[in-house]
Amino acid sequence: MKQKLIVVGNGMAGMRTVEELLELAPDMYDITVFGAEPHGNYNRILLSLVLSGEKRIDEIMINDRAWYDEHGITLHTDAKVTQIERGTKRVLTRDGRAFEYDRLLLATGSDPVMLPLPGHDLPGVVSFRDIQDVDAMIKAANTYKNAVVIGGGLLGLEAANGLMKQGMDVTVVHLMDTLMERQLDVTAGAMLRANLESRGMKFALSAQSEAIMGTDRVTGLRLKDGTEIPADVLVMAVGIRPNVALAADCRLHFERGIVVDDSMLTFDPSIYAVGECVQHRGTAYGLVAPLFEQARVCANHLAQLGYAAYKGSVTSTKLKVTGIDVFSAGDFVGDDSTEDIVFNDPGNGAYKKLVLKDGQIQGAVLYGDTVDGAWYFQMMRDGTDTKDIRSSLLFGQSHLGDSGHGGENAAAAMADSAEVCGCNGVCKGDVVNAILDKNLFTLDEVRAHTKASSSCGSCTGLVEQIMASTLGGDYSATDKEKPLCACTELTHEEVRSAIVREDLKTIPTLMTSLNWKTEDGCPSCRPALNYYLLCAWPGEYVDDARSRFINERAHGNIQKDGTYSVVPRMWGGVTTPNELRAIADVADKFKVPMVKVTGGQRVDLFGIAKSDLPAVWEDLNNAGMVSGHAYGKSLRTVKTCAGEQWCRFGTQDSIQLGIDLEKMTWGSWTPHKFKMAVSGCPRNCAEATIKDFGVVAVDSGYELHIAGNGGIKVRVTDLLCKVETEAQVMEFAGAFMQLYREEARYLERTAPWVERVSLSYVQEKIVIDEDSRKILNERFLHSQSFAQFDPWKDCCTDADKRAEFEPLTEVGQA
Amino acid sequence: MSKWIEIGTLSDIPRQGSRIVAGPDGNIAVIRTEDDHLFAVHDRCPHKHGPLSQGIVFGHKVACPLHNWSIDLSSGQAQAPDEGQVACYPVKLENDKILLSMEKSR
């Protein structure tokens, strides 16, 4: 017999938990849901849009009745659960029925706070919480003229905006002297107020309500100072309070909300709770992202998997109040131990304030231009030391250079037809429609459905901004330490440290010991694990070709038509007539459709069939050439300029140094591709300052530059240090590569890695601490002693490996 | 009646790997999963025609090497939210010999 799960609350948190549970264990429970409202489950976040007339109710439904039927869920709407009998494990409903449970999930949400003013029960006084409230407001707007909203926070302003759009004359009454004081500082609050006033909204700030006037229906609001404001509708939006009535009644432990542990279990081992009704580690959340996170954890435990843990959320509010972009996160007020950096351009309606403590972001308020909210929030959560980028911090991430979406960075101003994601050709309208039609809440969901921001990721900030403006007041970026992939809860760092700590040396043993959720992983984790094991156990770990992307298995780049491109190594970009002749012969013999010079000073042969690859390699091998690794997450190329050997400006022998560097580093696997260059003078013809490791020779020695890249986000390198000898260049390069190999996440290039851990950290490990540098370099060279073999030759001479390039057989007509 | 064609032995295909069989309507990818199930699908992703034989095999699925669509090997269907269907062929193992039928099952 199946166990019985009863869910009290048919709102977003409860139903999200059920959805997650159905994914994990579809047949474990007989599920019964009680909802106080007469509907299926709807998207409460979008109520503001219903009020402002931009959406209809049916457009914000998440799960209709058919969905409940389809999943065998019994739904009782208009059904109030009045009592929980914990002793007999039953819930009782208002109409006197009793239902037994094995597990009970409380998702009773929150109640709007209603001020106990005289007249608060008059018709026309409403809260702003559910469909019924919105219906009442819209009906009133059709008949009446004047509205008052008590509460100048998020919800209040959204209600006021909606009523204004419905044609009403609206006054917002707020106890504090600044709007949205929980999200905005005084300056941003004043800018918001000025903007709303210019749209016709009226305000009474520092105003205390005294009484609601009227006899049969509300007619106005009287303030303490005697002012009377006419009102035919009065909306109370002064806050919400976790709904703990049921818990209190059955003496289930609660404080402000129902107290739960990290598995979302209450003090009763059969009762879980999620959503706005709970209190976790002292905090009750009212935003959707933490609720969904809780739902995921709770479902994991309901499914008896038992490994997920909710550790609380750092929330940010990135919301759009009536066409104005506002972002807020963390402690944006600060104290004696913090400093503020502020950008204020009232003429352009832009204001940014960051609160820093010891170089780390503690909080942020952005008004008008919020595109960098996600970036600041990320650094805040990661505790990134910002002192290296402090001078340009306020100008935003795009200050580093950007491409792919035409510098567009204000979602509100974009037309629906404007392209957001240049990789996948996704327009703003596509994203907005997907969010609304498919009820998407998280960035990952938007990526899966629209492909926006799923390739290069440079438009992620913009997509998040569109989500914020579409979902309105309740959207917030999820705060979780990203697990490595969906197969595990562990982060990249946790997996890497477990590999060493638990002596894990193969992918299957790793997956078993670390409780992987899938039998044999997925295309995200397998290549990462293969790399991490390879990096941790040089010479010992047996590379798993099946966990490598095809390019690294076929030692060439797969092209859109399924053919491959072949790039032989040319050390330091130097070649010979013999090599060129051999390349030309290969091109003729295999009818290569195109021969192209690459950006890394190599020659690329395009359009080679997979079955021809071994023969092509054999010919190139015979002419003394080896794989150029142009396909791998590995050392790619070392680009050089002419240098002092030829150039009249050259100060050092850049060509030879480039060759030496390439001979030392080729064959190494890295978290992402790794490119180098050596320029012989500050004119920098080898473009060393947009490379992962760049050397610029000067008369007195060598400048070492790190963490640059061209491509999606052009990033100029940071200067690591200056050294005097070529031997030092080699040692620093080896140490830097090894630090990157050991500490960056798989598929993280040097630029985001250094931005994450900070330049100072890398300098500490490589420049200041000599021992650390020497040890890193030694580990690099040790690893290289196993890595430097030509994979082409290896494939050509190993019959098993070679066989894979051939069809198994040919078959005729059926 | 299916006409079964012998195309090789199990050891010709590595676990989590695949080999192609050249057929009259293009290549067929014969895929062996970690748990030694065999599947045969048209070697052409429904999205942009990437060769599925070159993808990473995980569970009973394969990820297309071009744009990472996941194809369920038993149904030939792309995993949601992507939508598409790739043709499947019956394949079976008899005494270590792999037998393939050219009559599409889907």
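Five strands of chain A form an open sheet in the order E34-E35-E36-E37-E38, with mixed pairing. The model is predicted.

**The sheet**

Strand E34 (635-640) and strand E38 (718-723) of chain A are the edge strands. Each has a single partner strand, so one side of each lacks a neighbour in the sheet. On average, neighbouring strands of this sheet are turned by 15° against each other, direction ignored.

Strands of a sheet pair through backbone hydrogen bonds, in either a parallel or an antiparallel sense. E34(A) pairs with strand E35 (residues 674-679) of chain A in the parallel sense, over four bridges. Opposite A:Lys639 stands A:Ala677, in E35(A).

A helix covers part of this region. Helix H19 (residues 654-665) of chain A lies across E34, E35 and strand E36 (693-698) of chain A. Helix H19 runs at about 170° to E34(A).

The elements with their residue ranges:

| Element (chain A) | Residues |
|---|---|
| Strand E34 | 635-640 |
| Strand E35 | 674-679 |
| Strand E36 | 693-698 |
| Strand E38 | 718-723 |
| Helix H19 | 654-665 |

**The whole chain**

Chain A holds 25 helices and 39 strands. Along the principal axes, the C-alpha atoms of chain A fill a box of roughly 100 × 65 × 55 Å.

Of the 814 residues of chain A, 48% count as buried. Take the contacts in chain A between residues at least 6 apart in sequence: 64% of them join residues at least 24 apart.

Technical notes:
Residues are numbered from 1 along each chain as its sequence is written. Chains are lettered from A and ligands numbered from 1 in the order in which they are written. This is a predicted model: local features need pLDDT of at least 70, side-chain atom pairs count only at pLDDT 80 or more; totals for chains, interfaces and linings use all residues. Helices (H or I, at least four residues) and strands (E, at least two) are DSSP runs, numbered from the N terminus. A residue is buried if 20 or more other C-beta atoms lie within 10 Å of its own, exposed if 12 or fewer, and partly exposed in between; C-beta atoms are placed from the backbone. Two residues are in contact if their C-beta atoms, placed from the backbone, lie within 7 Å. Two strands pair if DSSP finds at least two bridges between them. Axes are lines fitted to C-alpha atoms, for helices over the stretch in contact, and angles run from 0 to 180 degrees between N-to-C directions.
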